Structure formats: C-alpha cells, structure tokens
Amino acid sequence: MQKIINTNDLAFLLYELLDVERFTRYSRYADHSRDTFDAAIELALKVGAETFAPHNHLCDGDEPRFENGKVVMRPEVSEALAVLRDTGLMAAAQDYERGGMQLPSVIAQTCIGLIKGANVSTQAYAGLTIAACNLIMAHGSEEYKRRFAEPMMEGRFFGTMCLTEPQAGSSLADIKTRAVPAEDGSYRISGNKIFISAGDHELSENIVHLVLAKLPDAPPGVKGISLFIVPKYLVNEDGSLGERNDVTLAGLIHKMGYRGTTSTMLNFGEKGGAVGYLVGEPHQGLAQMFHMMNEARIGVGLGSVMLGYTGYLHALEYARERRQGRPLKERDPQSPMIPLVQHADIRRMLLAQKAFVEGGLSLCLYAATLSDEKKHAEDPLVREEASGLLDLLIPIVKSWPSQFCVEANSLAIQVHGGYGYTREYPVEQFYRDNRLNPIHEGTHGIQGQDLLGRKVPMQDGRFYQALVKRIRSTIAECEGVSELQVSGQLLGEALTTLERVTEALQAIRKQDVERGLANAYLYMECFGHVVVGWMWLRQAQAALRGLQGNGVQPKAFYEGKLRACEYFMRYELPKPLALAEVLEQGDRITLEMPDECF
C-alpha cells in the first residue's frame, strides 16, 4: 500500500475524536453505519493507491502539452478518472436519487483527501467538477441541474471555475469579461480568463465553465458581478451535445508543481460571443461563486494536509531505515551506525511534521463536520451556529495547512538530506505540488483580511465568541487532569492573548482600516495556531480516554498523540503569538516603508 495516510490516525480522528457515527442519527444518513463509512474510505484508499499514485511521478515529468489546438496528456490520467467515476466516488455526497452515495460531507471529504494524497494533480479534475456541480445544485434551475449538473455527477462532464483575468489578478472588482443578453434568453460572453485549472482537456465529453462576468447595466465593483454557465460544447434539450461553443484554449501555463493539472488561458467570444446561461439573479455572482470557492478552500486545506502527510510518512520511513552517524557519547568510530530517527534533531523535525499534518487533518475534518451540521442537524440553532463557525474558520482551514503542511514537506526533504533534493525521492515533488496551495483560492493575505475584517466581527462577533467559548470549555475540562493540565494552561494563555489582540485590532480597524488590516496575515497565523492547538488538546483528551479505557489503537499510538500535543503547545504555539505586541500596537512599518527604500 502506498504511503498516503496512517489509517490508525484516520480512524482515531473520525471515530474517537469527531464521533462521526453520530451523523447516522440524521434522517439523511439513517441508512449508513460505520461499516458503510469504512467501506467507502477503504475503496477510496484502494483507488488512490492502485490507480492514482502509480502515475503521479510520471505526470510530473511528462506534463500536458498543447498540440494542434488540443491538450495532450498521459493516458493514465483518463484511466484513473474513469475508475473514480465508475466507483461512484465522484458523487459520494450526492442524493441517492441522483446516483450518489449520500455520504456525510466529512466522509466524502475524507475519500477525496485520500485520492489527493495519492495524486493531487489528477484528482483536481474531479475535485473541481464536484465543487462546480455542487454550486449548480445549490443555485441553478432544475433545467440546469438536469442539463449540466447530473452529467457532472456521472463524470461525463467535468467543470471549472473561471475568475481570474490577466489585468485583475485577485481583484475581482476589476474583471472586464462581459455578458450581453441574447434574444433567446441566454447571454453572449466575451473576455479572457487566466490560471484556469483543468480549463481544457480531452478527458470528458464536455467541460462546464462557471464564469464571472458583468452585464451591460452592472454596478461597478464586485456588486456588479454575475455568474454564468458556459459549456465547451452546447448541450441540447435532450442532453445530447451540440456545436462547439465560442471558448478557445489560448495556451497552457507551465508550473513549478501540480504539473499534471492543466493550467490554462481561455478566450471567450473570439467569434462573436460564447453562449452562457445566467445562474440565479443578476449581480449575485460573487456570492454564488463563494459557494464553490468555500468548498474549494476546504479542499485546498485538505489537499495541502494530504501532501504534507504523505511527505511525513516518507520521511519517517527513511529516518527509520537510513543508518547514519552514532550517538554523541559514542567515541568508537568502528561502532555500528544508528538509524536517523535516533538523532534528536531528526526527531524534532518528525515531531514538527506530525504536529502540522495531524493537527491540520483534524482541523479540516472538523470543518467538514460543521458542514454536515449546517445542512442536516434537526435543531435550527445547531444549524445556525455550525454555519457561522464554518464561515469563521474557512480562511484558517484554507491557509493554515497550506502554510504549515508546506513546511512539513520542507522538513521531509531536510530529513532525507541531500537525497531529498533529488528527483530519485518523491519528497521534492510533494513540496513543489504543495507550494501552489498558499496561492490559489485566495492568498494568505486575502484570507487574513477576510478573517479579521469580515469573519471575526460578523454579527457583532457572535460566532467568534462561540468559538472562544468552545475552546475555553475544552481547557476547563483539562484542569486537574495531570497529563493535560500544562497543555491546557498553555493554550489558555495563548487564547487570552488572541482575545486581547482581537479587541485591540478591531478598535484600530474602526479608526483606520488600512492600519487595522495591515498585519492581518500575522493575526490569522496566531488565530490558526490557537485553533489547531485546540484541535490538539481535544486529540490529547481522546488519546487519554483510549489509554485509560483500553482503546482500539496501540498504546504507542495514543502516547504519540499526547507527546505531539505537548510538542505543539511548547514549541509551535508560542511562535506567532510572540509577535502579539506588534499586532496590538497596530504597527505601521508595512504601511510606511517607502517604495524607493526597498
């Protein structure tokens, strides 16, 4: 089996920490049990290991090519996606009536994550399709669901989202793509989009582009953005394919990593206008697209975790097998060399990787449980709080793993030493693939501004306070528990610091928004560390219960969780919070540094 994940850890997180079996009490999931959950996970792991992982390195070295107006890529990509389609995993969370498995989001996301860990580039074609399909299901008409979303669930059509334009970058207020009403009720789309992942290929019958554009009467800025379905091939009323739409592949972008996924430049309307169909109401496109973007942001965080996780497992195996050096107290040069894992500095790097990837995975899976509660909990108050907490945490779920699991990949290279920097070992590819995740679906800076400027103060800080209350409750549970007391105290001190910083920054932001948000990225890093610290403290609680109650996992597994929690609290948690004073003061150096002084 490929080194994708520690299955003991996955079972621990799902069943001992998050208790996902409770979702079988929801009417939507009443047909399910732990057995069906495990069967889906086992299937995803098998598909990932046997079908996706074997061509991961091949696609990195033989990336897609643009030849005679078409994309040419290795055949293994199409073969793997066909297997994914045939297993039904592409529609794992969809309704039975639409051919889905109707699995909880947390299980569906787990299955997706395992495929990502095996081959993130090939999985991207399916992942983007799932997210685009879910958007149409949430905001599209019944006709659009039938003509576009259902073939996407079946894996016959694939999907994308088209936001970025060459002149605008991340500033969606400045997009120039236009949509002009046509007499038949459709629209004619014209403009240019760039960095469109999976934007063109020959892997499916059709590609459904979700395109942001502006109507002729649109108000300026983001309030004037509408959302359109623009298929590569037009789809007739009976579901058959019509003529090629006016969507042209202008070229492929060659990337540092993630090479198996096409990154494209697309031109819309070179021959008079691409046919597009308005989704929902005019000028509501950004809010609708955020439905897909938020799902994609959870996917980015989870993908980053899985790349970090497989890198950690490769580093751990290498450290156990590679013999090098001797104990510092051993003076005899003829004595046997010892495995790398016996050196303290190697254990430090492995501990950091373990803390980052297992903490990040628990964060992503926790967010997925909130998605299930938001949609299907019977109590409306539970649904409301879950929705608010998920909105609050989305920036952290996206950005924290994509910073610190990239660092885990860097440490995996370091554990390998010079060999890690060569293409003979896979850890260098994992790093390159993961380096995209801090950028796409919103950079760290954008996520930080979203967290501090929008999410924390929303509804007068109601959901921020709800999160603080949950963390405080966990800390209180650890008081008097000798094995957890110190970790609880350290997290409590960090949370108090975060609350103080939050209050100070909100006051500064009201007076001077630029100053208040100037260090939003650093604030998000502090916030993320506190949340992941909370995840680790909860893991330590569950591990202690396992040790005291003869849990199903090996004793060493539970002890490893306790030690990793202690490591995170003592070594990692204090790092960003050491700059709390800089945040509290609303330091202005990033605003006042003159351009000419760089």
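Predicted model: local features only at pLDDT ≥ 70, side-chain atom pairs only at ≥ 80, totals over all residues.
**The layout**

The chain splits into three domains: domain 1 covers 7-154, domain 2 covers 159-284, and domain 3 covers 443-587. Take domain 1 and domain 3: their C-alpha centres sit 31 Å apart. On the domain 1 side, 7 residues take part in the contact, and on the domain 3 side it's 12 residues.

How much area do domain 1 and domain 3 bury between them? The figure is about 790 Å², with 58% of it on carbon and sulfur atoms. On the domain 1 side, Phe12, Glu16 and Leu17 do much of the work: they supply 65% of the area that domain 1 buries against domain 3, more than any other three residues.

Now for the polar side of things. Between domain 1 and domain 3 there is 1 salt bridge, and 3 residue pairs are in polar contact, counting pairs with both residues at pLDDT 80 or more. Sorted by class, the domain 1 side that touches domain 3 has 4 nonpolar, 1 polar and 2 charged residues.

**Salt bridges**

Side chains of opposite charge can pair when their charged atoms come close. Across the whole structure, a search turns up 40 salt bridges. Here are two of them:

| Salt bridge | Closest N and O atoms |
|---|---|
| Asp9 with Lys561 | 2.6 Å |
| Asp60 with Arg432 | 2.7 Å |

The Asp60 and Arg432 pair links distant parts of the chain, with the two residues 372 apart. Asp60 belongs to helix H3 (residues 56-61), while Arg432 belongs to helix H11 (residues 427-434).

**An aromatic pair**

The structure holds 19 aromatic pairs. One of them joins Phe12 and Tyr558 edge-to-face, at 6.2 Å centre to centre with 65° between the planes.

Terms used
Residues numbered from 1 in each chain as written. Heavy atoms only, no water. Domains from an automatic or database assignment. Contact = heavy atoms within 4.5 Å. Buried area = accessible area lost by both parts, 1.4 Å probe. Salt bridge = Lys/Arg side-chain N within 4 Å of Asp/Glu carboxyl O. Polar contact = N/O pair within 3.5 Å; in protein donor to acceptor, adjacent residues only side chain to side chain. Nonpolar A, V, L, I, M, F, W, Y, C, P; charged D, E, K, R; others polar. Phe/Tyr/Trp six-rings, centres within 6.5 Å; stacked < 30°, edge-to-face > 60°. Helix = DSSP H or I, 4+ residues; strand = E, 2+ residues; numbered from the N terminus.
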